[in-house]
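Q: Walk me through how to read the features of this model. I would like the general idea, then the case at hand.

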Amino acid sequence: MALFEGERLEEAKGILGRYPEGRERSAIMPLLYLAQSIEGHISRDGLKEVAGLLDLTTAEVEAVASFYSMFRLRPTGTHVVSVCTNLACMLRGARDIYEAAHEAAGMRHGQELSEDQLITLHEEECLGVCDFAPVVQVNFANHDLVTPERIREVISALRGGDVPEPSRGGPRVKSFKSASRVLAGLEEAPA
Amino acid sequence: MSPAPERRLTRDWDDPSVIGIDGYRAKGGYEALKNALNMEAAAIIDTVKASGLRGRGGAGFPAGVKWSFVPTNTGKPTYVVVNFDESEPGTCNNRELVERDPHRLLEGTAIAALAIGCRTAFIYVRGEYLAQGLILEKAIAEAREAGFLGTGIGGSHVDLDIVLHRGAGAYICGEETALLNSLEGLRGQPRLRPPFPAVEGLYAAPTVINNVETLMSVPDIVLRGPEWFREFGTEKSPGTKVFTISGKVERPGNYELPLGTPLRVLLEDVAGGVLNGRSLKAWTPGGSSTPLLTAEHIDTPLDYESVAAAGSLLGTGAVMVLDDTDCVVDAAQRMTRFYAHESCGKCTPCREGTWWAERVLGRIADGYGKPEDLPVMADMGKHIMFRAFCALADGAASVIDSSLKHFHEEFEEHVRLGRCPLRLEHAEVAV
């Protein structure tokens, strides 16, 4: 089954139209986000379809997709939890947050995806929220001033099917797929 | 004598109404754009030049001069690209500027577009700023609705649109030529210069790339004049700047102060001092890519010249504070790991150098360092610095060089004791 068909194909065409005529290749990143929003990660088929829309080879598209860490080329959890451990957060206890997150998610060190495919957990570089360090993003929504206790609550809420309210009135993003749709520029506010 | 410090760029931060276009206009928003629509492009550039506004993204290049490099007679379109890829560790002033006052960015961008005859501008926002991208999308839609973007902006015969483009998690895309490649749909790797973007930038056309804070400073300069802008700051670093302060401080945050304000004022008077009354050990003046300074440098005025004279760089104005309980080796290792992770792999000194440095620093931090590791680390910087297409690896070398320069004994202690000298000491204190 094709990823880009019907309404999705129309959306893909809309994305192509954002860029100057003849510069459609610029649409590759939002198109990859769109593919990711449908499949939950970018599969071989996703790469091929993006290539088809842009008249590029699959290798050319993969070269771009593999360069950027927010494009996931392997199976990914329903939710992506990113723990910033860069210096400003590290100085405020981020390593303990990362430990607690692993423990709460029942994941081994080095394990990225939980057994039940619900959570992808990873260490993240500076997220630009140093004023509220340590910070965690859940589906790219910010959770400020996180404590080990708070991260356990967040993980447990995700397990219970609930996405916790982000800090400072940020948008609540219900899944990684939904985040990818926002990042493709297709949602005014995440569903 | 400068007047008493006042908030300028951040003056409306306590008024959430300015996030919407009506609130922004009620405070005089888009008046500068209307003025600019009645000015010759050269006059806009001259005004910004006269203000002495320097690029806030790190390099500090005068914005008006940058604009004046753009040829408008090539037969190609010209582009303004807003660099909102804010990813320098410790930096979050652009994020808060956009969260609290998004239309000011659009207005500044539109004025820059008028100055160089641009009809399509781009805002490159880092992917992790999902919420801030949404704020900008809404603001762009509002500005279009109100006629400040689109066909015949502000009742003129000038057309202008702004396209929001989201990044996807690559620090290197904050480097302007890597950003252009990314925007063109390529891997975000830097380009050889020359040609400079002003001549051959986006789609090989003349392009101006400016930081968010730089462009947000422009509307007031157009409306109130260069002299007003120069009331604060120093002769060579005029104006105010939004500094980020984070790490071991009582009140981390973004604070607007005149350029040239000493670190002591930012740290002690504004941010409440070092956390829990501890003492200052080390700090970065402008993100992790700027050489570390120490408590000895606490009276350094935070402007481009003074910070350079102290042996570092003002960078993004992002101060990260380490206190006397923090291990410099550990911090240097963590920062180096960042560069190893973010190296795009194009240039050998960076790709290999950051990878090896992370490993060597890691073994020193873990207590397995060898005496010969220290001269290797001390020697490394000169094999990396200025030997790559861009400054990413220079940042990595700065971390290592400056931490070894100021804290050599702490590195030696790690090797001699086979452990971190601070950790055990503080464990004992805790007992």
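**Reading the backbone and the contact**

Q: Where is A:Pro134 found?

A: A:Pro134 sits in the loop between strand 2 and strand 3 (136-138) of chain A. Keep in mind throughout that this is a predicted model.

Q: What joins A:Ala133 and A:Pro134?

A: Start with the general idea. Most peptide bonds are trans. Here, a cis peptide bond joins A:Ala133 and A:Pro134, and its omega is about 0°. The bond from B:Pro194 to B:Pro195 is cis, with omega near 5°. B:Pro195 is placed in the loop between helix 8 (176-183) and strand 4 (207-211) of chain B.

Q: What is phi of A:Asp55?

A: Again, the general rule comes ahead of the case. Most residues other than glycine have a negative phi. A:Asp55 is not glycine, yet its phi is positive, near 60°. A:Asp55 lies in the loop between helix 3 (44-54) and helix 4 of chain A.

Q: In what order do the elements of chain A run from the N terminus?

A: Read them as α-α-α-α-β-α-α-β-β-β-α-α. That comes to eight helices and four strands.

Q: Into which domains is chain A divided?

A: Domain 1 covers 7-73 and domain 2 covers 79-170. Their C-alpha centres lie 28 Å apart.

Q: What does the secondary structure of chain B come to?

A: Chain B has 18 helices and nine strands. Its radius of gyration is 22 Å, close to the 22 Å of the globule rule for 431 residues, so chain B too is as compact as a globular protein of its length. The box for its C-alpha atoms is roughly 75 × 45 × 35 Å, taken along the principal axes.

Q: How many salt bridges are there over all chains?

A: The idea is simple. Side chains of opposite charge can pair when their charged atoms come close. The count over all chains is 51 salt bridges. One pair is A:Arg181 with A:Glu11, whose closest N and O atoms are 2.7 Å apart. A:Arg181 lies in helix 8 and A:Glu11 in helix 1 (residues 7-16) of chain A, so the pair ties together parts that are 170 residues apart in sequence.

Q: How many residues does the contact take from chain A and from chain B?

A: Chain A gives 51 residues and chain B gives 60. The buried area between them is about 4200 Å², with carbon and sulfur atoms giving 57%.

Q: What is the count of salt bridges between chain A and chain B?

A: Five. B:Arg334 pairs with A:Glu125 in a salt bridge, with the closest N and O atoms 3.0 Å apart.

Q: Which elements give two or more residues to the side of chain A that touches chain B?

A: They are helix 2 (28-39), helix 4 (58-65), helix 5 (87-90), strand 2 (119-124) and helix 8 (176-183) of chain A. Helix 2 gives the most, with four residues. By class, this side of chain A has 29 nonpolar, 10 polar and 12 charged residues.

Definitions and conventions. Residues numbered from 1 in each chain as written. Chains lettered and ligands numbered in written order. Predicted model: local features only at pLDDT ≥ 70, side-chain atom pairs only at ≥ 80, totals over all residues. Heavy atoms only, no water. Contact = heavy atoms within 4.5 Å. Buried area = accessible area lost by both parts, 1.4 Å probe. Salt bridge = Lys/Arg side-chain N within 4 Å of Asp/Glu carboxyl O. Nonpolar A, V, L, I, M, F, W, Y, C, P; charged D, E, K, R; others polar. Domains from an automatic or database assignment. Rg over C-alpha atoms; globule rule 2.2 N^0.38 Å.
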